[in-house]
Amino acid sequence: MNITIIGVGKIKEKYLKLGIDEFSKRLSKYCKLDVIELDDEKCPENLSEKDMLIVKDKEGKKILSKIKNNSYVIALAIDGKNLSSEELADTMSKLAVRGNSHITFVIGGSLGLSDEVLNRADYKLSFSKMTFPHQLMRLILLEQVYRAFRINNNEPYHK
């Protein structure tokens, strides 16, 4: 299986980089992992609605340019479906059985994802109704993808 994670924004914090590197290394046993880090658009704190849409659209075009045509796209979105770890594992297993050998997870920037990206997504996944920093979300996602592979291979992993 090929897993691509497209994330907007650079990871600057050392502790996040260490965690991301650790789970990337662990995942190498189960899949070919490609993490694509895109520059976020610089924007002041008090943007108008129109300016927010412009920023999301610019980031969205960058994201869409990195998605392969044959990839099953899962967008992380607060209004997406909440799954347990076991349900995510089952979803990934079913995708593989159906011949979807390439899954792309998309994590938007601080303003979220553009409508164009959300429309391209085959599935919208939510980890919580809470808002997480997009840099931290990359680490959480990698851990959950790793957990899904462990579950699907009937291998022990802490609960």
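Predicted model: local features only at pLDDT ≥ 70, side-chain atom pairs only at ≥ 80, totals over all residues.
The largest nonpolar core comprises 30 residues. Within this core, the residues with the most contacts are Ile3, Ile74, Met92, Phe105 and Phe149. At least two core residues each are supplied by strand 1 (2–8), helix 1, strand 3 (72–82), helix 3 (85–97), strand 4 (102–107), strand 5 (123–126) and helix 5. Helix 5 makes the greatest contribution, giving 8 residues to this core. The surroundings of Phe105 illustrate the packing: when residues up to four places away in sequence are not counted, Phe105 touches Ile3, Thr4, Ile5, Ile6, Ile74, Leu76, Met92, Leu125, Leu141 and Val145. Another core, of 14 residues, lies apart from the largest one and has Val8, Ile67, Leu113 and Ala121 among its members.

Aromatic side chains were examined next. The structure contains 3 aromatic pairs. In one of these, the ring centres of Tyr30 and Phe149 are 5.6 Å apart and the ring planes meet at 15°; because planes under 30 degrees apart count as stacked, the pair is assigned to that class. Tyr30 is located in the loop between helix 1 (14–27) and strand 2 (32–38), whereas Phe149 belongs to helix 5 (residues 134–152), so the pair ties together parts that are 119 residues apart in sequence. Tyr30 and Phe149 are both buried. Together with Phe23 and Tyr146, these two residues form one aromatic cluster. Phe23 also has a charged neighbour, as Arg26 lies over the face of its ring at 4.8 Å from the ring centre.

The axes of the two helices come within 8 Å and cross at roughly 75°. Angles of 65 to 115 degrees count as roughly perpendicular, and helix 3 and helix 5 are therefore described in this way. On the side of helix 3, the contact involves Ser85, Glu86, Leu88, Ala89, Asp90, Met92 and Ser93. These residues meet Gln144, Val145, Arg147, Ala148, Phe149, Ile151 and Asn152 of helix 5. Met92 and Phe149, which take part in this contact, are also among the residues with the most contacts inside the largest core.

Most residues other than glycine have a negative phi. The phi of Asn154, by contrast, is positive, with a value near 50°. Asn154 has a relative accessibility of 72% and therefore counts as exposed.

Conventions: Residues numbered from 1 in each chain as written. Heavy atoms only, no water. Phe/Tyr/Trp six-rings, centres within 6.5 Å; stacked < 30°, edge-to-face > 60°. Helix = DSSP H or I, 4+ residues; strand = E, 2+ residues; numbered from the N terminus. Buried < 20%, exposed > 50% of the residue type's maximum accessible area, 1.4 Å probe, protein only. Lys NZ or Arg CZ within 6 Å of the ring centre and 35° of its normal. Core = buried A, V, L, I, M, F, W, Y, C linked by side-chain atoms within 4.5 Å. Contact = heavy atoms within 4.5 Å. Axes fitted to C-alpha atoms, helices over the stretch in contact; angles between N-to-C directions. Parallel < 35°, antiparallel > 145°, perpendicular 65-115°, else oblique.
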